[in-house]
Amino acid sequence: MSADLFKDIVSHSKEYGFIFQSSEIYDGLSGVYDYGSYGVELKNNIKAYWWKAMVQNHENIVGLDSAIMMHPLIWKASGHVDAFNDPLVDSKASQKRYRADVMIEEALEKIMAKADKEIEKARKRFGDAFDENKYKTENPRVAEYIQQYNTINQKFVDAMGKGDMPALKAVIEELEIADPVSGSREWTDVRQFNLMFHTQLGNIAGEEGKLYLRPETAQGIFVNFLNVQKTTRQKLPFGIAQIGKAFRNEIIARQFIFRMREFEQMEMQYFVQPGTEMEWYNYWKETRMKWHRALGTPESKLRFHDHENLAHYANAAVDVQFDFPFGFKELEGVHSRTDFDLRSHQELSGKKLQYFDPETNESYVPYVVETSVGLDRMFLALLSNAYTEENVPDADGKDSTRIVLKFHPALAPVKCAILPLLKNNDDLTGLARKIFDDLKFNFLCQYDEKDAIGRRYRRQDAIGTPYCVTIDHQSLEDQTVTIRERDTLKQERIHMSKIREIVADGIDFRHLFA
Ligand code: GAP
């Protein structure tokens, strides 16, 4: 997808009420966005899809809604006070600030892309006889790219693992990374920057009253682990799911709603017997990929990416990456978090966070496998995937261009538009209103009588409405209406008593779980 197309998606989402820059009339607040009327509907539908998949479809997964503000020691125990840092570096020429790790990853990807390009050329040249592994070792140029990638990547992984900032700077220098603004290679030292926002509790001054805005929803789940387990009488393995806001003071918030300072997460912590965590890690990895694919996202746009730099709490981690308009990037993380969090909270709070296993008559701290997907990233992935410009016949049968958001009908913000053919005909508008009033309790409908029917169809296409129902003169005689399907443009004459059934079936979440 081109950069222009990304710009089109951003402006479409503003023009059609999906997303607005926060505080726009004051020139905006960087990295913070508001969701408009259609945006909030789409967001609610994504949440519903996730919640149904987790809580409703699993007897052993239950929900939670914990507070954003928590005791500050929670963030000490979780490691966020000491280790939730990003390495930042400034360009001496432009004074622009960058994330050192992101710049290094991008530069490494470029080296690998050069090797991939050569390999693809050779694949085309040699056809079926092509032996990729042999080519990688025998072609000097490709072998050199791979060697360079591996050597520098190892230095990068080691530096990140040890939190060695001078070593990270040396990697930037070795890769000869230049500031994209000034072209200069003059960098400051790399420094650690803690990403947590903080605020002050009541009238308590200083460190004592310091509170953090949660940077992940997961900790609310960990500290409630026993409350939930006891009140829901769950046995291991079981999960706790939560959707909620998280806050990170990102060094550079960018790429629209991809990297925000205030965002939402949909997280599920799955508590398992120690020793079984890898089995569950693989299970959730595959299960989450199926959840993404069920939305109709092409296989080529989703892939796994194993973590080389593990977070302080994980012994295995993988990203589900989506092919965003700016390339493959993390959409969701699946992490094997060991017993790190529960054990740390147990130690710092002095309260036991152990599960009594009735089968073995033993108490132990469970291990945890986490699935964590950003709601806003999910929104952006769906929007980018759904956004389509295409030529279709207009009302007169002539070719015209339409912009249509091809969301899965279960997730579309508005499900059905009710359109009287003419505005100034009380019989038509009266019947259309009656149909609208009858359907509005079942799903979000929109009544629209303004402009020619073709323009109204285009407006509905632009927000992704899967069904449009038109009421015309014939409707007054025989109670039939025309129902138009968004993607196929198929129009069918049906009795108006059938509308509810057709729409309800088309938008049913069941199709996503089939
Ligand atoms: N509890 C684990 C955790 O928070 P993470 O990989 O830091 O792990 C999980 O975040 C997900 O949250 C990411 O895959 C991404 O979808 C989303 N996310 C993280 N930072 C974000 C940001 N600044 N803006 C939007 N979404 C973000």
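Colleague: Which residues line the largest cavity?

Modeller: The lining consists of His 292, Leu 295, Thr 297, Leu 302, Phe 322, Leu 331, Met 378, Ala 381 and Leu 382. This is a predicted model, in which local features need pLDDT of at least 70 and side-chain atom pairs count only at pLDDT 80 or more, while totals for chains, interfaces and linings use all residues. Residues are numbered from 1 along each chain as its sequence is written, and side-chain values use heavy atoms, with hydrogens and water left out.

Colleague: What makes a space a cavity, and what makes a residue part of a lining?

Modeller: On a 1 Å grid over the protein atoms alone, a cavity is a set of points where a 1.4 Å probe fits but cannot get out, whereas a pocket is an open set with protein on both sides within 12 Å along at least five of seven lines; lining residues have an atom within 4 Å of a point. The search of the whole structure finds 1 cavity of 30 Å³ or more, and the largest cavity has a volume of about 40 Å³, where volume means the space filled by probe spheres set on grid points that are joined across faces, edges and corners. Helix α13 (residues 375–386) gives the most to this lining, with 3 residues; helices (H or I, at least four residues) and strands (E, at least two) are DSSP runs numbered from the N terminus.

Colleague: How many residues of that lining are nonpolar, polar or charged?

Modeller: The lining of the largest cavity divides into 7 nonpolar, 2 polar and no charged residues, where Ala, Val, Leu, Ile, Met, Phe, Trp, Tyr, Cys and Pro count as nonpolar, Asp, Glu, Lys and Arg as charged, and the others, Gly among them, as polar. The lining of the second largest pocket divides into 11 nonpolar, 1 polar and 9 charged residues.

Colleague: What is the volume of the second largest pocket, and which residues are the closest to its centre?

Modeller: About 500 Å³ of space lies in this pocket, and of its 21 lining residues the closest to the centre are Met 103, Glu 106, Ala 107, Lys 110 and Ile 177. Two or more lining residues come from each of β5 (97–99), α5 (100–126) and α7 (140–162), with the largest share, 8 residues, coming from α5.

Colleague: Why is the pair of Tyr 283 and Trp 284 called edge-to-face?

Modeller: Among the 26 aromatic pairs found in the whole structure, Tyr 283 and Trp 284 have ring centres 5.0 Å apart and planes at 85°. Rings of Phe, Tyr and Trp (its six-membered ring) pair if their centres lie within 6.5 Å, and planes under 30 degrees apart count as stacked, over 60 as edge-to-face and the rest as tilted, so the distance makes Tyr 283 and Trp 284 a pair and the angle makes that pair edge-to-face.

Colleague: Why is Trp 284 called buried, and why does Tyr 283 count as partly exposed?

Modeller: Buried means under 20% relative accessible area, exposed over 50%, and partly exposed in between (1.4 Å probe, protein chains only). Trp 284 is therefore buried at 1%, whereas Tyr 283, at 35%, is partly exposed.

Colleague: How do you know that the charged end of Arg 484 sits over the ring of Tyr 457?

Modeller: A charge sits over a ring if NZ of Lys or CZ of Arg is within 6 Å of the ring centre and within 35 degrees of the ring normal. The charged end of Arg 484 sits 4.3 Å from the centre of the Tyr 457 ring, and Arg 433 lies over the face of Tyr 447, at 3.9 Å from the ring centre.

Colleague: Why does Arg 486 count as buried, and which backbone oxygen lies 3.4 Å from its side chain?

Modeller: Arg 486, in the loop between β22 (480–485) and β23 (491–495), counts as buried because its relative accessibility is 2%. The backbone oxygen of Leu 405 lies 3.4 Å from a polar atom of the Arg 486 side chain.

Colleague: What makes the backbone of Phe 256 and of Thr 338 worth a remark?

Modeller: Neither is a glycine, yet phi is positive, about 60° at Phe 256 and about 50° at Thr 338. Phe 256 lies in the loop between β9 and β10 (262–272) and is buried at 10%, while Thr 338 lies in strand β13 (residues 327–338) and is buried at 14%.

Colleague: Where is the cis peptide bond that joins Leu 236 and Pro 237?

Modeller: Pro 237 lies in the loop between α10 (225–232) and β9 (238–247), and omega of the bond to Leu 236 is about -5°.

Methods. A polar contact is a pair of N or O atoms within 3.5 Å; within protein, one must be able to donate a hydrogen and the other to accept it, and residues adjacent in sequence count only if both atoms are side-chain atoms.
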